[in-house]
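Welcome, and thanks for opening the viewer. Have your selection tool ready, and let us walk through this model stop by stop.

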Amino acid sequence: MAGRAAKRVRPPTLLLRGFLLRCPRCGRRELFSGWFKPPDPCPGCGLTFNRDSDATVGWIIVNLGVTEIVFVALALAVVLITWPNVPWTGLTVVVVAVNALLPVLLVPFSRTVWAAIELLMDRMDGPARAP
Ligand SMILES: [Zn+2]
C-alpha cells in the first residue's frame with residue numbers, strides 16, 4: 001500500500017469522492033459495471049469495496065440511514081408547510097414511494113461512501129490493516 005501512505009487525502013475529499021461514485025482513495029471514476037454489482041477493486045489504487053460482511057452491513061447502513069433521513073425530513077416539511085390541512089393520503093403515497101425507490105437509487109453511492117468511511121476509520125485507528 002505504498003500509494004496510500006504516499007498520498008494522504010483529506011476527510012472531506014474522501015467523502016465527496018464517495019458521493020460522486022469515485023474511488024475515495026484515488027478519485028478514479030467508472031468503478032461500476034452495473035447498478036447493483038459491487039465495484040471491482042479500483043484499477044487506480046487497488047482499493048477493495050466489498051472486503052467482508054462488515055463492508056456489506058456498512059453500505060446497507062449508509063443506504064438505509066440516508067433513506068430514513070430523507071423520509072423524515074420530507075414528511076416533516078410537508079406536515080409543517082400544510083398544517084392543519086395535511087394531505088395525509090398523498091403524503092403516505094409519497095413517503096412509501098421514497099422508502100421503496102430511494103434505497104435502489106442509492107446502492108452504488110452507498111458502496112463508495114461506505115468505502116470512504118472505512119478509510120476514515122482505518123486512519124483514526126492508526127496504521128492500515130493488513131490486506
Ligand atoms: Zn482508487
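Start just after helix α2, where leucine 21 takes a positive phi of about 65°. Helices here are DSSP runs of H or I with at least four residues, strands are runs of E with at least two, and both are numbered from the N terminus.

A word on what you are looking at: this is a predicted model, in which local features need pLDDT of at least 70 and side-chain atom pairs count only at pLDDT 80 or more, while totals for chains, interfaces and linings use all residues. Residues are numbered from 1 along each chain as its sequence is written, and side-chain values use heavy atoms, leaving out hydrogens and water.

Now step back into α2 itself, residues 11-19, and select Leu14, Arg17 and Gly18, which are buried. They sit on the same side of α2, because they cover an arc of only 105° around the axis; the arc is taken from the directions from the helix axis to the C-beta atoms. Buried means under 20% relative accessible area, exposed over 50%, and partly exposed in between, using a 1.4 Å probe and protein chains only.

Next, select the zinc ion. Its protein donors are the SG atoms of Cys23, Cys26, Cys42 and Cys45, at 2.2 to 2.3 Å. Donors are N, O and S atoms within 2.8 Å of the metal (3.2 Å for Na, K and Ca), and water is not among the atoms, so sites may look incomplete. The angles between the four donor atoms run from 100 to 118°, which makes the arrangement tetrahedral; that label requires all angles of four donors to lie between 85 and 135 degrees. Along the sequence, the donor residues follow the spacing C-x2-C-x15-C-x2-C. Cysteine 23 and cysteine 42, both in the loop between α2 and α3, are 19 residues apart, and both are buried.

Stay in that loop and pick glycine 27. Is glycine 27 buried or exposed? Glycine 27 is buried, with a relative accessible area of 11%.

One more selection in the loop between α2 and α3 is phenylalanine 36. At 53% relative accessibility, phenylalanine 36 counts as exposed.

Finally, zoom out: the protein chain has five helices and zero strands, and 31% of its 131 residues count as buried.

Notes. Tetrahedral: all angles 85-135°; square planar, octahedral: opposite > 155°, others 65-115°.
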